[in-house]
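User: I'm new to this one. Could you walk me through it and tell me how you know what you say?

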Amino acid sequence: MLGHAVKFLGYSTLAGVLLAGIALPAAGALGLTAKNTADDFDNIPDDFKTPPLTQASFIYDANGGQIAKVYERDRTVISADQMSPLIRQAQVDIEDARFYEHGAVDLKGVLRAVTKNAESGAAVQGASTLTQQYVKNVNVEQAGDDPVLVREAQRKTLGRKIQELKYAIKLEEDLTKDQILTNYLNITFYGNKAYGIQAASRRYFSKDTKDLTLPEAATLAGLVQNPSQYDPRLHPEAARKRRDTVLDKMVENKHITAEQAKEAKAGPLVLHYQDPRNGCITANAGMGFFCDYVRHVIKQDPVFGKTAADRKKLWDQGGLNVYTTLDPVKQAAALNAVTTKVYVTDPVSAAMTMVEPGTGKILAMAQTRPYGIDKDKNETVINYNVDAAMGGGNGFQPGSNFKPIVAAAALEAGLPPTQAYPSQNRIDWPNMSTCSGTWKNLQKGRKEGTVPNESASESGPYELKKAMALSVNTYFVQMEQEIGLCAVKQMANKLGVAGKANGDALEEVPALGLGTQEVSPLTMANLYATFAARGTYCTPLALTRITTVDGRDVPVPPVKCSQAISQNTADVLNTVLLGVTEKGGTARDLGLDDGRQIAGKTGTADEKKAAWFSGYTANLAGSVWLGGPAKGVPMRDIRIGGKYQEEVFGATGPGPIWQQAMSQAVRGMPEENFRTVYIPDPPPKKDPTESPGGTGPSGTGPSGTAGPGGGGRPDTPPGRPGGGRTTAPGRPHNTAPADPGDDH
């Protein structure tokens with residue numbers, strides 16, 4: 001009967017009432033008739049769907065601490081039993097007092113509005129029911145942030161009114177009054193970026209909806225009609241009067257007593273306002289960049305949708321609880337190091353990423369410059385730790401940080417750990433094979449066609465262990481020549497260096513092995529984590545679980561691990577890189593506070609525009625970059641972190657940052673040692689100009705040989721398990737150490 005009655009209204013009365021000026025005082029000029037209205041009414045599909053509401057999402061660290069709240073619309077959908085009865089009643093009394101008595105349209109309300117508007121000669125009163133208002137809000141919600149669609153959804157046209165009415169009829173058939181009211185309270189806008197009653201309660205009173213007092217509930221209920229006009233912060237007197245009007249309505253409808261209303265009016269309008277806090281910019285402890293990385297993962301990984309539009313919709317829709325791998329203790333350690341060793345006002349900046357070997361979990365991601373858009377505060381939204389596609393920049397030259405990749409390719413190709421090359425102090429770039437042909441040096445005999453070692457004292461022959469410890473450029477160039485550039489590029493790809501940080505492919509040029517092509521700290525940290533995990537490479541992992549607000553699991557990217565290099569190759573590399581941090585190595589002074597084993601590699605880019613240290617224990621890897629964020633800053637005659645440095649190298653710039661961060665990060669972690677192999681030292685050098693013999697590349701002679709069986713006893717002093725340090729950090733050495741700058 002209700003449906004027939006309303007349809008009758010639609011056919012006979014609706015047009016007349018609307019055209020009489022309820023909401024469209026000039027609609028009569030359209031010349032529409034009751035028949036037109038009836039036809040329009042019948043032609044509107046009645047498949048009205050209540051959409052999932054855009055909500056806030058929450059991102060959490062590995063311990064469950066909140067990193068950030070992010071949203072397109074700040075809304076938290078709650079159930080009826082999570083709402084105070086006071087707000088439900090107050091909203092009905094001020095918006096639609098007869099809500100529980102009428103159907104989709106309130107005939108008494110229509111007649112009352114017609115009378116009022118006729119008396120005033122203008123549209124001073126509408127007759128939309130709360131159900132119709134909910135329909136309008138749904139239309140606005142579906143319009144999203146498109147201003148054209150929003151204006152269309154709010155247009156006061158006859159067609160729009162007819163559509164809202166028909167959808168309201170459908171709603172009243174499908175939902176109970178309580179359900180419609182709950183939906184309305186969850187969707188409606190309360191001003192100051194608060195959508196829905198829960199967000200409004202948190203915004204204005206810093207409490208959940210169920211805990212609202214009577215005057216607080218009346219204040220919020222009064223906002224809906226005009227959130228700007230009744231904003232209690234900007235217009236407290238108008239908001240107070242509106243609150244009192246709501247209280248009077250509640251008395252009029254016998255839902256509170258006059259005494260309760262008097263008591264509620266007597267108190268001042270007291271707010272406990274919380275500013276809107278949206279997005280990664282609100283994250284604490286320097287976690288904003290990791291938060292932004294999470295956003296990029298969700299918007300780019302096909303696990304979250306086949307198309308970019310699907311993934312964007314998931315993120316924008318919100319209502320997610322995103323649980324991540326970020327360890328707050330290790331994050332604090334990394335942040336403390338990059339901000340105390342490098343000042344935000346310095347001409348250079350630093351970034352550090354920590355990764356768990358064997359899982360790919362990103363445990364820390366920090367940088368000197370804070371996340372934000374205020375350039376006067378040296379803020380940035382560029383994440384220096386990651387590639388451009390994930391919110392980073394174009395990366396930085398890693399310098400000698402790249403040399404272990406060359407060594408890994410050579411070992412996998414069958415060269416022994418004792419491989420020797422003449423490693424002259426300066427050589428012409430040799431011609432090298434590539435994946436598709438040959439690279440040829442067209443500048444032989446000229447300075448541009450040669451490659452030098454960093455120190456004038458560096459002249460071979462050298463074997464791998466010593467060449468890595470001293471970071472001898474010509475050694476690794478000659479190794480590249482023997483195995484070919486294709487092998488180096490393919491090994492880089494296997495170890496996670498899929499290309500340059502800007503997305504371009506790695507170029508097959510000899511300087512590749514010396515680290516002239518830009519990468520990110522995350523890439524390097526994960527690469528060295530692969531060595532620590534005895535060759536097991538895992539794709540970087542930021543997410544562990546995602547759930548919706550109603551408890552459903554959202555699939556996350558699976559952990560993808562593979563044996564990128566053999567365990568034996570990894571053991572050799574760990575032994576060699578352990579030597580870099582010991583006597584005679586470029587990183588000899590970077591030992592951790594507790595003396596546990598560390599391995600790693602220094603790196604310095606051309607003109608000292610970037611310096612690196614990537615190092616690891618058996619269960620934690622970290623990479624630190626230091627340099628100019630944009631076009632690079634030559635780090636000579638420079639003050640960083642309040643200390644003057646004549647020249648910055650990997651061991652003297654990023655190295656101490658890594659040392660401080662890792663010393664703090666490993667506290668409480670089990671002390672584990674690397675599985676090392678025995679690599680015999682070469683016989684004493686007799687003649688600096690003498691080649692090891694044979695016919696290897698550039699006259700290198702035959703490859704060296706390892707001890708029996710290619711392994712044997714650990715290369716450690718007696719009584720130290722698993723290969724520990726051969727000298728305490730900073731202790732004087734019996735032999736003259738290499739120049740700490742030998743890490744080009």
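Predicted model: local features only at pLDDT ≥ 70, side-chain atom pairs only at ≥ 80, totals over all residues.

User: What makes strand E4 and E5 a pair?

Analyst: Strand E4 (residues 349-355) and E5 share five bridges, in the antiparallel sense. The cut-off is at least two, so they pair. Within this pair, threonine 353 sits opposite methionine 365 of E5.

User: Which sheet do they belong to, and in what order do its strands run?

Analyst: An open sheet of five strands, ordered E5-E4-E18-E17-E16, with antiparallel pairing. From one strand to the next, the twist averages 5°.

User: Why are strand E5 and strand E16 called edge strands?

Analyst: Strand E5 (362-367) and strand E16 (599-604) each pair on one side only, and that's what makes them the edges.

User: What lies across E4 and E5?

Analyst: That's helix H15 (residues 328-340), which runs at about 25° to E5.

User: What makes a set of residues a nonpolar core, and how many are in the largest one?

Analyst: The members must be buried nonpolar residues joined through side-chain atoms within 4.5 Å. The largest such core here has 130 residues, and Met354 and Phe476 have the most contacts inside it. Helix H20 (residues 521-532) gives the largest share, eight residues. There's also a second, separate core of 47 residues, with Val135, Ile169, Tyr184 and Leu223 among them.

User: Which residues does phenylalanine 476 contact?

Analyst: Setting aside neighbours within four places in sequence, phenylalanine 476 touches Lys403, Val406, Ala407, Leu464, Ala467, Met468 and Leu514.

Methods. Residues numbered from 1 in each chain as written. Heavy atoms only, no water. Buried < 20%, exposed > 50% of the residue type's maximum accessible area, 1.4 Å probe, protein only. Helix = DSSP H or I, 4+ residues; strand = E, 2+ residues; numbered from the N terminus. Contact = heavy atoms within 4.5 Å. Axes fitted to C-alpha atoms, helices over the stretch in contact; angles between N-to-C directions.
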